[in-house]
Amino acid sequence: QVQLVESGGGLVQPGGSLRLSCAASRSIFSINAMGWYRQAPGKERELVAALTRRTGINYADSVKGRFTISSDNAKNTVYLQMNNLKPEDTALYYCYAITTVAAGTTTAWGQGTQVTVSS
């Protein structure tokens, strides 16, 4: 099972920027998909951005044009650059990774990092 360690959350004013990092415990070349979900209080978990072998890059409509997902293969790390942040982006952000195992696939999760957008 791959281990994921997130960093980069915090408090930012509306219009500001943050970059989240998700470091994997092994080469991301061996990972089928990585990305970020978020969950705000009282709301369902929402897929924010995904980087997959099959379909490339996908974003939630609510973050298109503002968020960018990228990877640094040498560092086994995936990033989420978040610009022009809005109060509605406030949530706990989780990194995930899907890998292939003997029985199919398995999903690993990071510990979550809080993003708060407020003036």
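A disulfide is a pair of cysteine sulfur atoms within 2.5 Å. The model is predicted.

**Exercise 1.** Find how many disulfides the whole structure holds, then describe the bond and its surroundings.

*Solution.* 
1. Searching the whole structure gives one disulfide.
2. C22 is joined to C95, with S to S at 1.9 Å. That lies within the 2.5 Å cut-off.
3. The S-S torsion is about -80 degrees, so the disulfide is left-handed.
4. Buried means under 20% relative accessible area. C22 has 0% relative accessibility, so it is buried. C95 is also at 0% and counts as buried.

**Exercise 2.** Locate D89 and decide: buried or exposed?

*Solution.* 
1. D89 sits in the loop between β8 (77-82) and β9 (91-101).
2. Its relative accessibility is 1%, so D89 is buried.
3. The D89 side chain reaches the backbone nitrogen of K86 at 2.8 Å.
4. Set aside neighbours within four places in sequence. D89 then contacts R38, R66, F67, N84, V115 and V117.

**Exercise 3.** Characterise the largest pocket by volume, lining and residue class.

*Solution.* 
1. The largest pocket holds about 170 Å³ of space.
2. Its lining includes I28, F29, M34, L51, R53 and V78.
3. Sort the lining by class: seven nonpolar, four polar and one charged.

Technical notes. Residues numbered from 1 in each chain as written. Predicted model: local features only at pLDDT ≥ 70, side-chain atom pairs only at ≥ 80, totals over all residues. Heavy atoms only, no water. Helix = DSSP H or I, 4+ residues; strand = E, 2+ residues; numbered from the N terminus. Buried < 20%, exposed > 50% of the residue type's maximum accessible area, 1.4 Å probe, protein only. Polar contact = N/O pair within 3.5 Å; in protein donor to acceptor, adjacent residues only side chain to side chain. Contact = heavy atoms within 4.5 Å. 1 Å grid on protein atoms, 1.4 Å probe; cavity = no way out; pocket = protein on both sides within 12 Å on 5 of 7 lines; lining within 4 Å. Points joined across faces, edges and corners; volume = space filled by probe spheres on them. Nonpolar A, V, L, I, M, F, W, Y, C, P; charged D, E, K, R; others polar.
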